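Here's a friendly walk through one protein model. Have a look at it first, then read on.

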Amino acid sequence: MREIPVEQAVGHVLCHDMTQIVPGRFKGPRFRKGHVVTAEDVPVLLSMGKRSIYVWEMRPGVVHENDAALQLCRLAEGAGCTHASDIKEGKIELKAASDGCFRVRSEALLAVNSVEQVMIATRHGNTAVRAGDKLAGMRVIPLVIEQSVLGQAAAAAGTEPLCEVVPFKLRRVGIVTTGSEVRAGLIKDSFTPVVERKLADFGMECVAHELPGDDVDDVAAAIARVREQDVDLVVCTGGMSVDPDDNTPGAIQRAGAEMVTYGAPVLPGAMLFVGYFDDGTPVLGLPGCVMFAGATIFDLVLPRVAAGIRLTRADIVAYGEGGLCLGCPECHYPICPFGK
């Protein structure tokens, strides 16, 4: 930082806000901190009584905060992301270009933010976003920064973008509602409508529905029938606990699915089943809590499932930290810590 005559300040960066007072008309910042002085600004500054000002001296190898923010934005902006057209006070934001599942390369983001004087803040990854949603914001801490520091950030980020939005693409769902009491009409099926509402939020609809009862062979046959309807996802409801007459996990495997996990470190939702058929079609076995709880493991995995992202056991295990729902009297999911 140094003091220079106003006439010599063109091209330099202001170190602080500069207030202009026009009696009876205006009082406020005429030039903001970080503003790059132009030739047109000189007479205005002189009219404000400024003969010299404090600036950051621009020199080779030094980058203004606005240009630095753009460089950071390029590190983060992947498929399905778009950045705002303007930079405000040295900050720029990424937004979603479409509905989809927001993904973050978490380890690379941590490495970038470990570089001093730069920062990129994102929303939680593996969550659903809508077109126009804010995804990330970035800036550098000082008004000007050495290009070498930005080079360190780029090296930390690696060759792939830090963020992306994977569009939702699964559309057709087959639902198998187990339970002999439901099949016999002794109780109303209140599970399927809940599942259908949640699926609809991701552009999915139920195109095949079976009520096979509880027998393992009957449930497996029902799964086979809904698969014949060219579905993108199979959802089985009920019969997911460890009671002797809860046969759904076994029936799913008998139908030909390979199990990824039976069980999740999430409450509510510990008895989740995740599997895949040979053609890649996912199958979910949903525990009974999905029927009555505001948010469950189903809500956590659904964004990735809807985007066609294959789940692993490691993905499910990672939900353990943050996987305890606090049971708020009024559920505000996803604006809460559940699953994050």
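## Before you start

This is a predicted model, where local features need pLDDT of at least 70 and side-chain atom pairs count only at pLDDT 80 or more, while totals for chains, interfaces and linings use all residues. Residues are numbered from 1 along each chain as its sequence is written, and side-chain values use heavy atoms, with hydrogens and water left out.

## A hairpin

Let's begin with strands β3 (residues 18-22) and β4 (residues 26-31), which run antiparallel and are joined by 5 bridges. Strands here are DSSP runs of E with at least two residues, helices are runs of H or I with at least four, and both are numbered from the N terminus. Two strands pair if DSSP finds at least two bridges between them.

Across this pairing, T19 stands opposite P29 in β4. The two strands make a hairpin with 3 residues between them, and G24 in the turn has a positive phi of about 75 degrees.

## Salt bridges

How many salt bridges are there? The count comes to 9, taking a salt bridge as a side-chain nitrogen of Lys or Arg within 4 Å of a carboxyl oxygen of Asp or Glu. One of them pairs E65 with R139, the closest N and O atoms being 3.0 Å apart. E65 sits in helix α2 (residues 65-76) and R139 in strand β12 (residues 134-140), so this pair ties together parts that are 74 residues apart in sequence. E65 is buried at 3% relative accessibility (buried means under 20% relative accessible area, exposed over 50%, partly exposed in between, with a 1.4 Å probe and protein chains only).

Another links D299 and K198, with the closest N and O atoms 2.9 Å apart. Because D299 belongs to helix α9 and K198 to helix α6 (residues 191-200), the pair ties together parts that are 101 residues apart in sequence. D299 is buried at 13%, and K198 is buried at 14%.

## A buried loop residue

T296 lies in the loop between β20 (282-286) and α9 (297-306). Is T296 buried or exposed? It's buried, with a relative accessible area of 1%. Leaving aside neighbours within four places in sequence, T296 is in contact (heavy atoms within 4.5 Å) with P268, C289, V290 and F338.

## Out at the start

M1 is in the segment before β1 (2-5) and counts as exposed, at 64% relative accessibility.
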